Every structure is written in C-alpha cells, then in structure tokens.
Amino acid sequence: MSVEPVLTVEDLSVRIAGLHILQGVSFTVAPTGVTVLLGRNGVGKTTTLRAIVGLTPRSGDVRGTIRMGVQSLLARPTHRLVRGGLGYVPEDRCVFAGLTVAENLRLAERRGSTPAYDKVFALFPELDRRGRQRAGSLSGGQQQMLAIGRVLLNDNRLLLVDEPTKGLAPKVVTEVAEVLERVAESVPVLLVEQNLAVVRRLAKDAVVLSAGKVAWTGNAQELLLETALTKSLLGVGSGEVHA
Amino acid sequence: MSTLVLLTLTGLGVAALYLLVASGLSLVFGLADVLNFAHGLFLGVGAYATWWAADNLPGAGSDGFGFVVAVAFGVLAGTLVAVLVELVLIRPLYSRTIEQVLVTVGLSLAGVALLQATWGADARPFPRPSWTREVTGVLGANVPNAGLLLIVAAAVVLGGLLAFLHWTRYGLVIRAGVENREMVTALGIDVRKAFTLVFAIGGAAAALAGALGGVYFGTVSPGQGGSLLIFAFIVVVIGGMGSVVGSAYAAVAVGLLQQFVNYYGTSGLGDICVVGLLAVVLLLRPQGLAGKVATA
Amino acid sequence: MTNSVVEAPPAQVPDELTPGRSRWHGLRPFLPLVALVVAAIVPYSTVNLPGFFEGPLNSPGTLQLLAICLVFGGLAAGYDLLFGRTGMLSFGHALYFAAGVYGTDVLVTRAGLPLWQAALLAVTGGTILAALLGAVALRTVGIAFAMVTLAFAQVGAIVVARDFKLGSGEGLTGGEEGLPLDVSGLPAALVGVTNTVNLYWLALAYLTLVVFVVHRVSGSPTGRVLAGLRDDERRIGVLGLDPYRFKLVAFTLAGGLATAGGVVYCLIVGGASPHVTSSELTLSLLVMVVLGGPGTRWGPVLGGILYMYLDHRLTAFGSSDAVENLPAFLSHPLSQPLFVLGTVFILAVYFFPGGLTSLKSRLTPLLTALRRR
C-alpha cells in the first residue's frame, strides 16, 4: 500500500484470564474508507477493538504494537486515546439508559472544542427531537444512532465501530449502513460486522480473523466474490447474505 | 397520636443519620465499585474534629455561630481525610476491587485504633448548643430538637446532592459512571477525577453525620462510626447501590421500621426486622429498590 | 472440556511442584508432621523465651495464649475455604464462630447439658444455620453477598447484646458482660489452671482437623470446581455445574468448622463475650488470611497464629518501657494492636499480595543474588 495507514497493528497478543484470545494479529487500516474486521463468533474481533482503545480488562495481558501514525497507543489510558481522536462505538451500543438523549450527547462534549451538534443533528434529526427522552426508552436503532452520534460530536482520526447492526430490524440496518457510509466519507472506520450485505455496501478492505490469528487480508469486495473462502472463514456463503 | 408523631419523627431522625452516611457509600460504590469500610472512619474524624474544634479552635465554640464553625471544621477534616484516602490508598489500586476493599478494611481497623489511641476508648461528652437539648412540640408530641436538626440537615444535603448530580457537568459524569464506567472513559473523560470527587462528597456527608450524630447522642466515641456503618450498608443495598434517591427511601423505611418495632415489640427486634427487610428485598429484587444490579 | 476445570488453580501449584534447591527437599512432605509433633510436645518444655512469652512455655498463661493462636489458625484456614479457595467474600463468618461459643456456653451454663451434648448440638446447630443463611445469601454474589452476610452476622451480634430473657429473670447471653462458663458439670480434665495443657492439645487437634478437612476438600473434585468458581464463575456454569450448590457446600462446611472452633474457644477462655459476634472478628479473619496468603495450605494458618499472637503481645509491647519512652504521637498509636496490625495489613495488600507464603519466593532470588557475591 502506497498511502500511510492510519492504524497499524503488529503482532498483537491478548491473554485474558489465562485464555490466549489473540495470538499475534497484524493488520493495517487505510486512511480512507471502511476497513471491516470479519470472522466467526468468538475469534477475537471485539477483543481486538477493545485492545486498540485500551479497554482490555485488568486480568488481561496485551503485547505487540498498536500505532496511530507514529504514535504508540499501548499502555495509554482510554480517555487519552479517545481525546487523541479515536472514536469508539461499542458493541451493544452502551448508551446511558438512565440519562436523557441530550445528557448522553452532552457527556461527549469536551472543553476547548465546539461540539458539532449541527453535523450530528443533520445525520440524526431524531436525536434533536427526542432530546428529553430517556435513552433507555429508545428503540434499538435509535440507541445505535445515539451511540454513533455522541462520538461524532468531536473530530476523530479513526472510528472503531463494533457490530452496529446487531439485533436491528432490516429496515433499520439499512439506515445505519447509510449513516456509516456518509460518515466514512470524512473519517476512516474500522468496522466489526457480521451482516455481509452491510459489508458489501461499505467495506473497502477486509481483515478476517480465525481462532485468534489473521486468516486473510485484502480487498473486501474480492473476498465476498469467493464463496468457498467466505464459507470456510465466516461460516456463510456470500450468497446467503440477508437483509 | 402523640406517640405516633414522636416515633415517626425520631425514626426520621435516625433515617437522616443513615442517609448522610449511606449517600456517600452508595455513590462511592456505584461509581468506583469500592465497598468502603473506612467510611465509618470519616464519620469518626468529623465527630472528633468538631469536638476538638469547639474547645480549641479560635472562633469556634459549642453554641451559636461558634458551633457552626466547629461543625464546618469537622466536615472539612472529614472531607480532607476522605480525599487523602482516595488519592493515596485507593487510586493506586484502580479497578482491583477486592484489594481496595481490603485496604479500606485495614484502614477502618487502624483508623479507629488511632482515634482510640489519641482520645481514649471511652465516650466523651459532645459540645452542643443548649437549644439542641430541648424539645419542640409537634402535634402534641415533644420531639428532641437534635433529631429535628438531623432531619433538616439531611434534607438539605439530599437536595443539594440531587441538584449537583442533575445540573452540573460532574454530576452528569458521576451518574453516567454509575451506569457504565468504562463507557465514560470511552467518551474521553478521566473518570478517576470523579472518584476523588465522590470520596470528597461522601467524606463530607459522613463527617456531618458524625458531628450531628454527636449532638444527637450527646457523646462521641471511636467505635460510633462502625455500628452506624452496618445499618448504612443495609440502607445502601436496599436502596440500590449508586442511587442516592433509593438510599433516601431505604433510609426512611429502615429508620421508621426500627423505631416502631423497637417501641411496640421488644427492644432489638426492630434491628432484626431491618435485616429481615434486607433479605426480603434481596430475594425479590436483587438490584435493590433502584439503581444498578447489585452483583458487581 | 471438563479438563479445563479439573486443572488445579495455577497460583498454588508452583510452590509444591518446583523442585527446591535445599538439601532438606526430601524432608518437605514430612515437615507438617514434624511441626505437629513439635507443637504437641511444647507443653513439656520449660524453656523461657523472654520477650516472646511472659512465662516458660509450659506455664498456663503461655499455653492459653498458644491455644488461642492455634484456634484462630484453624478459623483462618476454614475462612480461607471461602475467601482464598472459592473467592467468596463473606463478612459474616463471626456469626458461626459465635454460634459455637455462645451455643456451648448457653447449653452448658443455662440449660445444664453435659459438655459433649452441648458441643454436638452447637456444632449441628451452627452448621444448619450456615446452610440456611447461606442458601439465602448465596442468591447474591460479589459485594452484595459480602453485605448480606455482614447483615446476618449483625443480627447475631444484636441478639447477643440484647440479652433476651427466657421466662425467668436471667438473660440468656449475659449481654455486654458476657457469660462465664459454668464449669461444675464439665469433665475434670478440662477445668482448672493446671489442665490448660489439655485445652492446648484440644486446640491443636482442632487446628489439625481443619487443615486436614480443607486439604482434603481442596484436593477433591469439589475443590477443583470451587477453584474454578474463584477464577471464573461463568466457566463452571457453562459446564452444566450449578455454582450455587458448590458454593453452598463450601459455605456450610466453613460455617460448621467455625462453629467447632467456637466450642474449643469457649472452653479455652472459659466463657463467652460479645466481641466474638462483632464484624471486627470477621474482618480480622480476613486480615489473617490475606497476611498469610489466601488459597495456600499453610498461609492462613500462619496468618491466624501470628495475628492472634501479635494482637495479644502488642498490648504488652505497647506498655513496655521502650514504647512508653517514645514521644506521645508515636507511643499512643503503637500501644494499639489494631493500629499496628491494620497498618501492616494495608502495607501487605500493597507490597505482598500473596501474603507470608509468597515471601519465600520473593526472597529466594534476593538471597541467591547475595550469596553469589
């Protein structure tokens, strides 16, 4: 690759409670577009994202290199990484259910920078209208919008998005995919996604994990064309793409 | 009728004391997952500092404005100790929950022993304004003023705390952190600053409980915090850990139950009923009346 | 899949399996036996250890102190079955100990039962109590479990302190004064200052029993499940084993052992006093286990013995001339055993997370490095 990657992961190993979850994972994330992290359940996709953003549990042991540009990310506290431009949208959305939508957004505001409410509300007009509603009473799709929206209030150099379409209705999946497509025009995204229709729509590059190791890297669209490969690596043929 | 009023108001007075101790415990546990056994120490420090200040601090005394100064000094001392404990002892063990509990256990043993070493094991008469020894007629009942003072103080603290939690940036961070601490850091917020803050708030409220408890009981002794702490723990669990409002409801329920059963049943039965209430609440609603699931 | 659970917990394997360098290595398996024999013949020794004990080893005062230390060694080992080996943080262990102390005392002194019946009833009652309360408390986990056990134990403390009366004027438990044991119906061999040695042996027998039981349990399949629960409860659940049942077994067993300890303690000190019901007693058990080394065979025993010894001796140390002559800001705190022990405990949590038993492995590299010079 001729362009400098935005994120470089080299020989990343993660052990948690004695289990060797990642065993020497290496890949890069291109500075534009969506890079998708694929693999069957339990191969360590979420563990990879959490290791990047510094959220490996205390009982865990992380080794290897994670760099954003020339800057090493390992051993830096999560809140510093995030302020340094690493946006993280976790699995299961993790909005603060007891807080209102407006409070959820306000939490992401930072001293010294103007929150981009106009941008977020342009993407998600719903969030503006439901400002006083408790986030816990939102639908799954709305919660996902909120989880993405609060990250977009600040400028990011890279977004980590973990299974944004999990458990959503097909129509909402399409909406989320549309939003991510627009977001990816301005900021690179590392996406964990099981829904291959979404992958086909968004992804430029793909990294496939299998049993804690990188099994395949390359162009995402090429991967999806190879039915045998997707079947062996992901357990689904690309023909079975739903939604 | 007058007995009912008296029992209700003394029950609320005890509830106020529990709430002052429990609100801080609940926030500290809810946010930082620290079961703080040293919380009773903050109470003891508040009580002894007030007691000391009333005699020794210029401007402070045991009556009028001097007493306010003495109490303020006690609260300040409790807050300072709480902040120091968090910064020096708790913070280095960040997210190692069991070790943090162990440290607070050691601190509660050593701290109470230190109070005892300095001021002796025996209870000391507490300086208190003369009006707190009198009673006020409420609906035909003669209610001790010290109890009313506790109720007013707890109501003010509760109101202030809720306002702080809902209308300030730090309050927002604390409420969010109680729900999901990890996600707060993932939004770029250094949640450990909020830890120090909840320790300070908890220390201040506990120290106030120590000072006003001294007025209420008329004496101060090193072990006072410990016995209050157990009921405060019960209040926190029943109310749901991390929920100040839940703690307030639970404190009232526990305080009233205790007073009424102790009066109409035999003395001591009320305390046992409180533990029974705890067992019932835990079996029916393991997460307590409100707040997050109490299994963390 | 089952294999992953049957693995012994990694923390306790190395110490026993790594070949020691010393020439005494071959004797290691017999060391506990040697220690037992030495402990058993201590009462025949008239050695004076000035500074360590007030009288010769076989004086009643020293033997009583040693007996108390041994009982607490056993109690700590039993408590470790919960904390160190299963990962349960119970703050109510004092309740079962107190059930033994007060159960024996009340049944002998108030009900006039012979000792063996009283002891049997107390231990049975304490075990049933642990099973019942454990069944409720174990519906919660983690910190909530700690608080619930604490609250249950508090009921015990309240019951004892309120001194409930049964029919006649006399209270059942003696309230704050405590209840001296009526020795008139006791076997002669357990009564009187000259027979302190028998109580010492009784305490030693209790400690041996606890160590044996805990050792057998932790080596059994149940013990491996318990270790699995400590490391990761979900993994046990995934295997189709019910964590609740295993934890209840451990809780009941530990409760029963504590009650038995209470019976012995009641005989040694000749009565019951309300401090055995206090939450501080449980906290000190926790301190003993952590100081000694949770989850190890000898750590909690050593921790318990050392803690009780220091608790008693530091009082004497505090009133000794050396401390008295220090400035007040030093001498006052140092005369409080709990201040010293609490502080040592905090330091231990920071600097010796494995407790006393980890000291050896920490010191070995240092010693070899020094020897090389």
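Chain A contains 10 helices and 10 strands, where helices (H or I, at least four residues) and strands (E, at least two) are DSSP runs numbered from the N terminus. The radius of gyration of chain A, taken over C-alpha atoms, is 17 Å, close to the 18 Å that the globule rule gives for 243 residues, so chain A is as compact as a globular protein of that length; the globule rule is 2.2 Å times the number of residues to the power 0.38. Along the principal axes, the C-alpha atoms of chain A fill a box of roughly 45 × 40 × 40 Å. The model is predicted, and local features need pLDDT of at least 70, side-chain atom pairs count only at pLDDT 80 or more, and totals for chains, interfaces and linings use all residues. Residues are numbered from 1 along each chain as its sequence is written, while chains are lettered from A and ligands numbered from 1 in the order in which they are written.

Within chain A, four strands form an open sheet in the order β2-β1-β4-β5, with antiparallel pairing; two strands pair if DSSP finds at least two bridges between them. Strands β2 (19–29) and β5 (71–72) of chain A stand at the edges, each with a single partner strand, so one side of each is left without a neighbour in the sheet. Strand β4 (residues 60–68) of chain A is joined to β5(A) by two bridges, and the two run antiparallel, with A:Arg67 standing opposite A:Ser72 in β5(A). Helix α1 (residues 45–52) of chain A packs on the sheet, touching β1 (7–16), β2 and β4 of chain A, and its direction makes about 70° with that of β2(A). Here contact requires C-beta atoms, placed from the backbone, to lie within 7 Å, and axes are lines fitted to C-alpha atoms, for helices over the stretch in contact, with angles running from 0 to 180 degrees between N-to-C directions.

In chain C, the axes of helix α9 (residues 221–231) and helix α11 (residues 243–269) come within 10 Å and cross at roughly 110°; α9(C) and α11(C) are therefore roughly perpendicular to each other (65 to 115 degrees). Residues C:Thr222, C:Val225, C:Leu226 and C:Leu229 of α9(C) meet C:Pro243, C:Phe246, C:Lys247, C:Val249 and C:Ala250 of α11(C). The residues of this contact divide into seven nonpolar, one polar and one charged, with Ala, Val, Leu, Ile, Met, Phe, Trp, Tyr, Cys and Pro counted as nonpolar, Asp, Glu, Lys and Arg as charged, and the others, Gly among them, as polar.

Note on methods
Contact = placed C-beta atoms within 7 Å. Parallel < 35°, antiparallel > 145°, perpendicular 65-115°, else oblique.
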